[in-house]
Amino acid sequence: MKPGIHPEYRTVLFHDTAADVYFLIGSTADTDRTYTHSDGNTYPYMPLDVSSASHPIYTGQQRKTQAEGRIAGFNKRFASFGSAAKKADA
């Protein structure tokens with residue numbers, strides 16, 4: 001590896017602001033902000049909007065998708081139109 005071209009790898013404190021959860025993770029994220037964590041050490045600080053602590057897929061808060069497909073929904077919606085035309089012909 002060439003010296004001087006790689007970013008510094010260090011422990012960074014990520015803060016999910018939506019869930020108010022802190023993560024200490026090794027990262028090369030570049031930030032000028034610092035924060036004193038509950039363990040008493042000061043770490044580079046990176047705020048996040050969404051993480052696994054607040055994302056709907058990971059928390060189970062996501063909406064359920066429809067079980068039936070588009071074609072089945074169309075057939076269910078317009079099934080009565082076809083039967084009414086057949087009754088009129090008979």
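**Surface and overall make-up**

I looked up the accessible surface of the protein first: it comes to about 7,600 Å², and 53% of that belongs to carbon and sulfur atoms. Accessible areas here come from the Shrake-Rupley method with a 1.4 Å probe, and for residues only the protein chains shown count as cover. I note that this is a predicted model, in which local features need pLDDT of at least 70, side-chain atom pairs count only at pLDDT 80 or more, and totals for chains, interfaces and linings use all residues. Residues are numbered from 1 along each chain as its sequence is written, and side-chain values use heavy atoms, with hydrogens and water left out.

I then checked burial. Of the 90 residues in the protein, 14% are buried; buried means under 20% relative accessible area, exposed over 50%, and partly exposed in between (1.4 Å probe, protein chains only).

**Elements**

I found two helices and four strands. They are DSSP runs numbered from the N terminus, helices being H or I with at least four residues and strands E with at least two. From the N terminus on, the elements run β-β-β-β-α-α.

I also looked at contacts, meaning heavy atoms within 4.5 Å. Among those between residues at least 6 apart in sequence, 34% join residues at least 24 apart.

I traced the four strands as an open sheet in the order 2-1-4-3, with mixed pairing. Two strands pair if DSSP finds at least two bridges between them. Strand 2 and strand 3 (34-36) are the edge strands, each pairing on one side only. On average, neighbouring strands of this sheet are turned by 45° against each other, direction ignored; the axes are lines fitted to C-alpha atoms, for helices over the stretch in contact, and angles run from 0 to 180 degrees between N-to-C directions.

I went through the pairs of strand 1. With strand 2 the pairing is antiparallel, over seven bridges, and Val12 has Ile25 in strand 2 as its bridge partner. With strand 4 (residues 42-48) the pairing is parallel, over four bridges, and Leu13 has Tyr45 in strand 4 as its bridge partner.

**Asp20**

I looked up the loop between strand 1 (10-16) and strand 2 (21-27), where Asp20 is found. The hairpin has four residues between the strands. Phi of Asp20 is near 55°, a positive value in a residue other than glycine. Asp20 is exposed, at a relative accessible area of 52%.

**Leu24**

I picked Leu24 in strand 2 next. Leu24 counts as partly exposed because its relative accessibility is 38%. Not counting residues up to four places away in sequence, Leu24 touches Thr11, Val12, Leu13, His37, Asp39 and Tyr43. Leu24 and Phe14 are ten residues apart in sequence, and their C-alpha atoms are 6.3 Å apart in space.

**Salt bridge**

I searched for salt bridges (a side-chain nitrogen of Lys or Arg within 4 Å of a carboxyl oxygen of Asp or Glu). The structure holds one. The side chains of Glu8 and Arg10 form it, at 3.7 Å from N to O. Glu8 is exposed, with a relative accessible area of 54%.

**Nonpolar patch**

I ended on a nonpolar surface patch of Phe74, Phe78 and Phe81, which together have about 330 Å² of accessible area. Patches are made of residues with over 30% relative accessible area and no salt bridge, like charges being joined within 9 Å and nonpolar side chains (Val, Leu, Ile, Met, Phe, Trp, Tyr) within 5 Å. I placed Phe74 in helix 2 (residues 70-89).
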